[in-house]
Amino acid sequence: MAEPVVRIPDAKVALSTASVYPESTATAFEIAARLGYDGVEVMVWTDPVSQDIDALRRLSDFHRMPILAVHAPCLLITQRVWSTDPWTKLQRARSAAERLGASTVVVHPPFRWQRQYARDFVRGVWRMAEETDVRFAVENMYPWRYRDREMLAYAPDWDVTKDDYRHFTVDLSHTATARTDALAMVDRMGDRLGHVHLADGNGSAKDEHLVPGRGSQPCAALLERLALSGFDGHVVIEVNTRRAMSSAEREADLAEALAFTRLHLASAVRVPRS
């Protein structure tokens, strides 16, 4: 006979500071601590606190919330954050992660118009990864769409599994926008999957970042697969709460996302009865 038992993987569940926008980086630490997250991922963007290592360390210490990952400033709105040179941005992200005790730097593939950066990106990320214990986890993106037109905005490719990286981040909102099979992408990543951005989407041309369970992506199936495979990376809630009508509504969404994630990470497995 076998009985079901709950198996909790080593993966920690973190809150991305982007999930509280338009509230501040400091607010993200406060909410993460109050709701019981295991830590935070810092999105480095236009909020000066997100760029300030000492300020981040003080927030982490005050709220007893470890910083598990640093998201390098790769967005259009962060083109001038931590330099206009993309390699300098990655060097500063690595330094921030090392100083803050974070195990992972999340990085997007280059924009196609960043030609020199894109040309050397794969080799350059390998070189940087070999100089540190911090993981550089390159994140899947998506084609940009407007009406019936599609633009390939990322190079070498929005589908990062087409290139050779040491570690990957899978983002399920991005798989929805790309209209690609998320679990097939995870299969291609294999044991190089080091980081997860958990969100949902319905395949809109817009990157939706819905609360897990509110879209069409296999969020539950992915979490159960991670649990059964012994995944030891981080699962980061990266959702869009900009439409929340109040701070209380935003916090309720983030509590729901955490509960969903913990529920599906606790997978039922069969073991022999002693």
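**Reading the features**

Mentor: Start with T78, which is in contact (heavy atoms within 4.5 Å) with V44, W45, T46, P73 and K89, leaving aside its neighbours within four places in sequence. Before going on, note that this is a predicted model, in which local features need pLDDT of at least 70, side-chain atom pairs count only at pLDDT 80 or more, and totals for chains, interfaces and linings use all residues. Residues are numbered from 1 along each chain as its sequence is written, and side-chain values use heavy atoms, with hydrogens and water left out.

Trainee: Is T78 buried or exposed?

Mentor: Buried means under 20% relative accessible area, exposed means over 50%, and partly exposed is in between, with a 1.4 Å probe and protein chains only as cover. T78 has a relative accessible area of 0%, so it is buried. T78 sits in the loop between β4 and α3. Helices here are DSSP runs of H or I with at least four residues, strands are runs of E with at least two, and both are numbered from the N terminus.

Trainee: Where does I77 lie?

Mentor: I77 is in the loop between β4 (67-71) and α3 (86-100). I77 counts as exposed because its relative accessible area is 55%. Together with L76, W113 and M151, I77 makes a nonpolar surface patch of about 430 Å². Patches are made of residues with over 30% relative accessible area and no salt bridge; nonpolar side chains (Val, Leu, Ile, Met, Phe, Trp, Tyr) are joined within 5 Å, and like charges within 9 Å. The areas come from the Shrake-Rupley method with a 1.4 Å probe.

Trainee: Which residues touch the most other members of the largest nonpolar core?

Mentor: A nonpolar core is a set of buried Ala, Val, Leu, Ile, Met, Phe, Trp, Tyr and Cys residues joined through side-chain atoms within 4.5 Å. The largest one has 75 residues, and those touching the most other members are Y37, I67, L90, F121, V170, V196 and L226. Helix α3 gives the most to this core, with 6 residues. As for L226, its contacts beyond four places in sequence are L193, V196, F231, V235 and L265.

Trainee: How many salt bridges does the structure hold?

Mentor: Side chains of opposite charge can pair when their charged atoms come close. A salt bridge is counted when a side-chain nitrogen of Lys or Arg is within 4 Å of a carboxyl oxygen of Asp or Glu. The structure holds 17 of them. One of these joins R135 and D232, with the closest N and O atoms 3.9 Å apart. This pair links distant parts of the chain, 97 residues apart: R135 is in strand β6 (residues 135-139), and D232 is in the loop between α8 (219-229) and β11 (234-237).

Trainee: What do D159 and R188 form?

Mentor: Their side chains meet in a salt bridge, at 3.3 Å from N to O. D159 is in the loop between β8 (149-151) and β9 (167-171), R188 is in helix α7 (residues 182-189), and the two are 29 residues apart. D159 is buried because its relative accessible area is 7%, whereas R188 counts as partly exposed because its relative accessibility is 40%. Elsewhere, E30, R34 and E251 are linked in a network of salt bridges.

Trainee: What covers the buried residues of α1?

Mentor: The buried residues of helix α1 (residues 25-35) are T25, T27, A28, F29, I31 and A32. Their cover includes β2 (12-16), β3 (39-43), α2 (53-63), β4 and α9.

Trainee: How far apart are the end C-alpha atoms of α9?

Mentor: The expected span of a helix is 1.5 Å times one less than its number of residues. For the 19 residues of α9 (residues 247-265) that should be 27 Å, and the end C-alpha atoms are 27 Å apart, which agrees.

Trainee: Which peptide bond is cis, with omega near 15 degrees?

Mentor: Most residues other than glycine have a negative phi, and most peptide bonds are trans. Here the bond from Y21 to P22 is cis, with omega near 15 degrees, and P22 lies in the loop between β2 and α1. Another cis bond joins A155 and P156, where omega is about 0 degrees.

Trainee: What is the phi of H209?

Mentor: The phi of H209 is near 50 degrees, a positive value in a residue other than glycine. H209 lies in the loop between β10 (193-198) and α8.
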